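My notes are below, in the order I looked things up.

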Amino acid sequence: MVALRVPVSWTLVYLPLILAMFFLLALGTALAIAALNVYYRDIQFIWAVVLQAGFFITPILYPLSIFSPGLQDIFRLNPIGQIIVTARDSILYSNPPFPLSLAYACITSVIIFGIGYAIFLKLEPRFAEEM
């Protein structure tokens, strides 16, 4: 931000919440993938393809505004996309996040973490048997 002379704004206060949502989403996904990979070795190859596709459907290198409104609504269903757009808007453009997109990202992050944690707890007692 210093190198590009981006001014620091009050919307930077949203950064801890945005990082917490991203952490929960990543942790939930990692727990589920790690537990499933113990039993199904092909998960690592399937996950590599899913991750590659996810990179292209997440607005990291492009803004959502280049798509039609109908496609924008589909892209907004991606919780990581919502987190990235929210971070970009609040940090770089000093726009406060939209409450509904923030709530959607927060709720989906907690749900994905809960599902990943539940999968991990269900499969974890038999990890040693499968190795």
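I began with the second largest pocket, which is lined by Ile60, Leu61, Tyr62, Pro63, Leu64, Ser65, Gln72, Arg76, Val85, Arg88, Asp89 and Tyr93. A pocket here is an open set of points on a 1 Å grid over the protein atoms alone, where a 1.4 Å probe fits, with protein on both sides within 12 Å along at least five of seven lines, and a lining residue has an atom within 4 Å of a point. This is a predicted model, where local features need pLDDT of at least 70, side-chain atom pairs need 80 or more, and totals for linings use all residues. Residues are numbered from 1 along each chain, and side-chain values use heavy atoms, without hydrogens or water.

I noted a volume of about 180 Å³ for that second pocket. Helix H4 gives the most to its lining, three residues.

Next I turned to the largest pocket, with about 440 Å³ of space. Its lining has 18 residues, and Thr29, Trp47, Leu51, Gly54 and Ile80 are the closest to its centre. Helices H1 (15-39), H2 (43-57) and H4 (79-92) each give two or more residues to this lining.

Then I looked up threonine 108, which sits in helix H5 (residues 99-123). Is threonine 108 buried or exposed? I put it down as buried, because its relative accessibility is 13% and buried means under 20%. Its side chain reaches the backbone oxygen of alanine 105 at 3.2 Å. Beyond its neighbours within four places in sequence, threonine 108 is in contact (heavy atoms within 4.5 Å) with Leu25 and Pro79.

Terms used
Points joined across faces, edges and corners; volume = space filled by probe spheres on them. Helix = DSSP H or I, 4+ residues; strand = E, 2+ residues; numbered from the N terminus. Buried < 20%, exposed > 50% of the residue type's maximum accessible area, 1.4 Å probe, protein only. Polar contact = N/O pair within 3.5 Å; in protein donor to acceptor, adjacent residues only side chain to side chain.
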